[in-house]
Amino acid sequence: MKSNEHQEQMEKIVSLCKRRGFFYKGSEIYGGMAGFFDYGPLGVALKKNVENIWWHMFVDSQDNMYGVDATLVMHPNVYQASGHAKNFADPMVEDLKTNKRYRADHILEENGVDVVGLSPDEMNILIKEKGIKSPDKNPLGEVTQFNMMFQTFVGANADSESKTYLRPETAQGIFTNYKNVLDSFHPKLPFGIGQIGKSFRNEIAPRDFLFRVREFSQMEVEYFVAPETWESNFEFFQKRVWEFISAVGIDAKKVSELEVSPEDRAHYSERTIDFEFEYPFGKKELYGLAYRTDYDLKNHGEVSKVDLSFFDEDKKERFIPHVIEPSFGLERTILAILSSAYSEDEVNGETRVFLKLIPEIAPYQFAVFPLLKNKPELVEKAKEVYSVLKQRGVRVIFDDNGNIGKRYRRQDEIGTPSCITIDYDTLEDSTVTVRDRDTGEQKRVKIEEL
Ligand code: GAP
């Protein structure tokens, strides 16, 4: 595909998401806010399916994994200890005329500069040397560091004492609960804690639909290991990330690993692999896998004065566990799923749009139609089949609007894998037509075999 075709595909996905109720702009009736999206009814369904697969793979199916759901607003000392108060910043540059602010690395990239490993000072020099201007063709100021955490004040006084932040990663809610889990469950090493929840980042330049937003969800594991075993545990999770990619129906051929250079790693990491996906707007980070050493527990122990060491009963040794962290963005997962699934073909000379979602992820697994809307006996039977499936816990939708062809198109567009039609034969022999979304193939199936 050429780049304008990629752009076109992205626009089609964005428009489908809005039209069919996957995503809406946040606060849309007030014009929306950059970097905030609301999940619509189908988006919520998709999100829950992704979360359930993740939770099952990383928490429920494992013997040594525990789940938590920590608060979004945390004690200010958390961010001192975690290093986010000092280090969680992006390089920013301002248009000296319009005062619009941009990511300095993005401006450089757009001007053909490879920014890997560049410090803010080096970016500054390059912008000056190359005479790079803002997108509005105005001179740019100095590159500064902008802290991305959202500030808030707790209680009635808005002063420095009450100031804290919304969490920028779910990980910190895990580290602050590490000792609670140790004390309640007495696990041996290695063990892990998983969490799914919201994170907030005041991104300088939110962009590319769900890719870079200011409020998003993360699915993270902090896996506590004996220091000498970090490499094997890192490799274990490297494989698990690939398994998850396949389990949610992301096209694995579009994913590749990037060993992140030391200069580009987060402040807490001694090794990071980024899993990158070929989005329609380019190859960008999907997930991260990091070796966080004992950085977080050591610092939280020092700042809180609480002993966060672990006593290994077998070795009779006390030490601070090291941490392996696979980190998954939920919105990026959904964008990768939608980009992998978006398909078009031609049916009867018309373009048909369909989402090749796997049944585990699709908002609905089945749609049930009566062949004719104005025949009560068909409608009644179709409603009966619909209710039985629904009671069995199948995600199913009933549709009797427009002709069958239109109903198929509507279901194709939201990725429903199978459509069931109830016709006059159904009343005779209890069979229905099941039509496959991808091939259009139709089969006669007994109702009880559905
Ligand atoms: N706890 C580690 C951590 O937060 P990160 O690389 O900053 O590491 C992890 O973020 C994942 O969260 C990313 O790989 C991505 O999937 C997602 N993510 C990060 N920033 C995001 C944003 N602004 N919008 C959407 N997803 C984001």
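In the predicted model, Glu344 has Val353 of strand 19 as its bridge partner. The two strands concerned, strand 18 (residues 342–347) and strand 19 (residues 350–355), are antiparallel and joined by six bridges; strands are taken to pair where DSSP finds at least two bridges between them. Helices (H or I, at least four residues) and strands (E, at least two) are DSSP runs, numbered from the N terminus. Two residues separate the strands of this hairpin, and Asn348 adopts a positive phi near 50° there. Residues are numbered from 1 along each chain as its sequence is written. As the model is predicted, local features need pLDDT of at least 70 and side-chain atom pairs count only at pLDDT 80 or more, while totals for chains, interfaces and linings use all residues; side-chain values use heavy atoms, with hydrogens and water left out.

An open sheet of five strands shows mixed pairing in the order 21-20-22-23-24. Strand 21 (396–398) and strand 24 (442–446) form its edges; each has a single partner strand, so one side of each lacks a neighbour in the sheet. On average, neighbouring strands of this sheet are turned by 30° against each other, direction ignored. Axes are lines fitted to C-alpha atoms, for helices over the stretch in contact, and angles run from 0 to 180 degrees between N-to-C directions. Strand 23 (residues 431–436) pairs with strand 24 in the antiparallel sense through five bridges. The hairpin of strand 23 and strand 24 has five residues between the strands, and Gly440 takes a positive phi near 75° in it. Helix 13 (residues 404–413) lies across strand 20 (366–370), strand 21, strand 22 (418–422), strand 23 and strand 24, and runs at about 165° to strand 20; contact here means heavy atoms within 4.5 Å.

A further open sheet consists of seven strands in the order 3-10-11-17-14-13-12, again with mixed pairing. Its edge strands, strand 3 (65–67) and strand 12 (255–259), each pair on one side only. From one strand to the next, the twist averages 25°. Strand 14 and strand 17 are antiparallel and share six bridges, with Thr293 opposite Val323 of strand 17. Helix 8 (residues 178–185) packs on the sheet through strand 3, strand 10 (191–200) and strand 11, and its direction makes about 145° with that of strand 10. Helix 11 (residues 330–341) lies across strand 11, strand 13 (271–279), strand 14 and strand 17, at about 40° to strand 13.

An oxygen atom of the ligand lies 2.7 Å from a polar side-chain atom of Arg201. A side-chain N or O atom of Glu203 is 2.8 Å from a nitrogen atom of the ligand, and a backbone N or O atom of Val213 lies 2.8 Å from a ligand nitrogen atom. The ligand taken alone exposes 550 Å², of which the protein buries 91%, with accessible areas from the Shrake-Rupley method with a 1.4 Å probe.

Two backbone features remain to be described. Most residues other than glycine have a negative phi, and most peptide bonds are trans. Leu189 and Pro190 are joined by a cis peptide bond with omega of about -5°, and Pro190 is placed in the loop between helix 8 and strand 10. Lys137, a residue other than glycine, has a positive phi near 70°; Lys137 belongs to the loop between helix 6 (120–129) and strand 7 (144–147).

Terms used:
Polar contact = N/O pair within 3.5 Å; in protein donor to acceptor, adjacent residues only side chain to side chain.
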